[in-house]
Amino acid sequence: MKGLTHNLLACLKCSAFPLKLTVSEADQLECEFDAEHVVRILPKLDWKGLVALAADLKEFLDADVAALPAEMPEDIHKNEPVLRTLHHLTMEIKVQNGSLECPSCSTKFQIKDSIPNMVLNEAGE
């Protein structure tokens, strides 16, 4: 699961967002940086979710990558260091195994072979 996918997922039980990510295995991918692409996806991204993702992945990131500002910079379209951080966070880290946990109801969703299992069982768990 890439960071871009994480930014789109909410709890199926209570709709809380963002989900807490716990990583047991992750891979670094190489993907050519394209500032225009990052700028195009910005309107679809939730900044609060990106900041939470950076915090959850901090042990897998360089110190400068994990340091996203709490608020989206006004000059983000021209701010290459922040755009590179967003690119790395959303496109170059692939979580192979771990879990997503709802911050409100504590429902857990497992990630196995990079696929988050977002299916609730009959009991709603």
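**H87**

I looked up H87 and found it in helix α5. Helices here are DSSP runs of H or I with at least four residues, strands are E runs of at least two, and both are numbered from the N terminus. This is a predicted model, where local features need pLDDT of at least 70, side-chain atom pairs count only at pLDDT 80 or more, and totals for chains, interfaces and linings use all residues. Residues are numbered from 1 along each chain as its sequence is written, and side-chain values use heavy atoms, with hydrogens and water left out.

Is H87 buried or exposed? I got a relative accessible area of 4%, so H87 is buried. (Buried means under 20% relative accessible area, exposed over 50%, partly exposed in between, with a 1.4 Å probe and protein chains only.) Next I listed what H87 touches: C31, E32, F33, V38 and E92, leaving out residues up to four places away in sequence. Contact means heavy atoms within 4.5 Å.

**The rest of α5**

**G49 and α3**

I moved on to G49, which lies in helix α3. Its relative accessible area is 0%, so G49 counts as buried. Which residues does G49 touch, not counting those up to four places away in sequence? I found H6, N7, F17 and P18. I also compared G49 with L86: they are 37 residues apart in sequence and 12 Å apart in space, C-alpha to C-alpha.

Helix α3 covers residues 47-56, and its buried residues include W47, L50 and L53. At the start of α3, I saw that a side-chain oxygen of D46 comes to within 3.2 Å of the backbone nitrogen of K48.

**The whole protein**

I counted five helices and four strands. From the N terminus on, their order is α-β-α-α-α-α-β-β-β. The radius of gyration is 15 Å, close to the 14 Å that the globule rule gives for 125 residues, so the protein is as compact as a globular protein of that length. (The radius is taken over C-alpha atoms, and the rule is 2.2 Å times the number of residues to the power 0.38.) The C-alpha atoms fill a box of roughly 50 × 25 × 25 Å along the principal axes.

I noted that 42% of the 125 residues count as buried. Of the contacts with a separation of 6 or more, 68% come from residues 24 or more positions apart.

Conventions
A polar contact is a pair of N or O atoms within 3.5 Å; within protein, one must be able to donate a hydrogen and the other to accept it, and residues adjacent in sequence count only if both atoms are side-chain atoms.
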